[in-house]
Amino acid sequence: MVSATFMFGLDQPSTSFWINAEHRFGPVETLALTACISWPVLLAIRCRQETHPHVGVDVGATLTSMVETSIVRQGDYGFDAPYVPVIFGLLSLGFLTLAVLNATQGAVVGVIATLIAAMWFFGCMASYIYTTRTGKFVVWSQVLDEMNLTGQEQVLDLGCGRGAVLLLAAERLDGGRAHGVDLWRSQDQSGNAVETTTRNAEAEGVADRVELHTADMTELPFSDGQFDVIVSSLAIHNITSKLGRQQVINEALRVLRPGGRLAIADFRHVARYAETLSVAGLSDVRTRGLGWRFWYGGPWAATRLVQATKPDRIA
Ligand SMILES: C[S@@+](CC[C@H](N)C(=O)[O-])C[C@H]1O[C@@H](n2cnc3c(N)ncnc32)[C@H](O)[C@@H]1O
């Protein structure tokens with residue numbers, strides 16, 4: 001039945017390639033064609049906006065660096081929002097099935113359109129899985145290295161989940177401690193639980209310098225100025241209200257000591273976080289794209305980083 005609504009391509013199979021003028025586009029066809037057309041358009045728009053050098057789409061260099069740069073982890077960190085890659089995978093399979101149905105009817109344009117759509121969603125799934133399993137670890141390793149921790153810091157990770165960033169930070173501490181705050185929501189990360197993060201801390205050999213707290217990041221259970229460094233990755237956007245997200249930034253500023261540093265990565269609202277930090281009087285507020293390794297499906301879901309320093313005295 002699906003193929004009956006989807007056949008287009010050969011008007012007279014052996015002689016012409018006209019799309020039948022009588023043909024009416026169904027919803028599935030429309031989705032397939034939209035997917036085909038939107039990919040290059042969205043990519044072009046995003047590449048114009050993105051200032052990070054990795055986005056200059058040099059396919060050869062990208063593939064080489066993908067193979068060369070990896071990071072060994074002993075823990076098991078699950079998948080961010082696990083239903084998203086499943087949806088991408090199902091859409092890819094669905095379009096692949098439609099391509100086969102079109103092929104059996106000799107509908108050439110239909111086969112091409114559905115194959116492109118299947119590849120498009122497969123690409124989204126591959127990008128998402130790469131980011132959540134490898135890319136974010138590589139990028140955060142670089143960001144933490146750039147922060148030049150002394151090793152003595154008290155670090156706080158807002159929405160630490162299974163510990164991807166928290167434990168990378170803990171590995172850079174020697175005398176300091178890494179504190180993770182979370183509500184352990186499994187819709188935001190698969191297998192999310194305090195026990196899982198504890199196991200990961202043990203697997204990475206940093207359990208002696210990690211503390212986990214079950215708390216809402218809009219109301220942090222810490223005293224003023226307790227932390228030297230605050231990090232957060234893909235967590236604050238989960239708070240749906242603008243007021244709630246603003247409250248997280250305000251709480252982070254409260255528990256950050258004067259002179260302390262903050263680094264927040266997210267794929268939405270980063271400009272707003274930066275604005276709140278600037279208005280609050282933080283210095284050296286800067287944002288940047290984190291490149292293709294941190295795309296959750298494609299360049300339209302690219303993660304950005306905002307960094308800032310809390311001055312000794314806020315005017
Ligand atoms: C996509 S996961 C990212 C986890 C981790 N930062 C990482 O990069 O692997 C988002 C995390 O935010 C947590 N979270 C969502 N809302 C929260 C809240 N109000 N307070 C604390 N944690 C929250 C979720 O439980 C989840 O662990």
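These are my notebook entries on a predicted model of one protein.

**Entry 1: the overview**

I began with the whole chain. I found 9 helices and 7 strands in the protein. Of its 315 residues, 38% count as buried. Then I looked up how far apart in sequence the touching residues are. Among contacts between residues at least 6 apart, 74% join residues at least 24 apart.

Next I checked the confidence. The mean pLDDT is 86, and 77% of the residues reach 70 or more. Over residues 1-23 the pLDDT stays under 50, and the model has 41 contacts beyond four places in sequence for them. Residues 47-57 also have pLDDT below 50, with 18 contacts beyond near neighbours in sequence. My reminder to myself: where pLDDT is low, the predicted coordinates should not be read in detail.

I turned to strand E2, residues 177-182, and asked how many of its residues are buried. The count is 5 of the 6, so the rest of the structure largely encloses E2.

I then looked at what E2 pairs with. Strand E1, residues 154-158, runs parallel to E2, and 5 bridges join them. Here I found leucine 158 opposite valine 181 of E2. To get from E1 to E2 the chain passes through helix H6, residues 164-171, in a right-handed β-α-β crossover.

Strand E3, residues 210-214, also pairs with E2 in the parallel sense, over 5 bridges. In this pairing, aspartate 182 has threonine 214 in E3 as its bridge partner. The path from E2 to E3 goes through helix H7, residues 194-203, and this β-α-β crossover is right-handed too.

**Entry 2: helix H9**

My last stop was helix H9, residues 270-279. Which of its residues are buried? I noted Val270, Tyr273, Ala274, Thr276 and Leu277. Looking down the axis of H9, I see these buried residues within an arc of 160°, so they line one face of the helix. On the face turned away from that buried side sit the exposed residues Ala271 and Val279.

Glycine 281 follows H9, and its phi is positive, near 95°.

**Entry 3: what I take away**

I will remember E2 as paired with E1 and with E3, and H9 as a helix whose buried residues line one face.

Key:
Residues are numbered from 1 along each chain as its sequence is written. This is a predicted model: local features need pLDDT of at least 70, side-chain atom pairs count only at pLDDT 80 or more; totals for chains, interfaces and linings use all residues. A residue is buried if 20 or more other C-beta atoms lie within 10 Å of its own, exposed if 12 or fewer, and partly exposed in between; C-beta atoms are placed from the backbone. Helices (H or I, at least four residues) and strands (E, at least two) are DSSP runs, numbered from the N terminus. The arc is that of the directions from the helix axis to the C-beta atoms. pLDDT is the predictor's confidence in each residue, from 0 to 100. Two residues are in contact if their C-beta atoms, placed from the backbone, lie within 7 Å. Two strands pair if DSSP finds at least two bridges between them. A crossover is right-handed if, with the strands pointing away from the viewer, the path from the first strand over the helix to the second runs clockwise.
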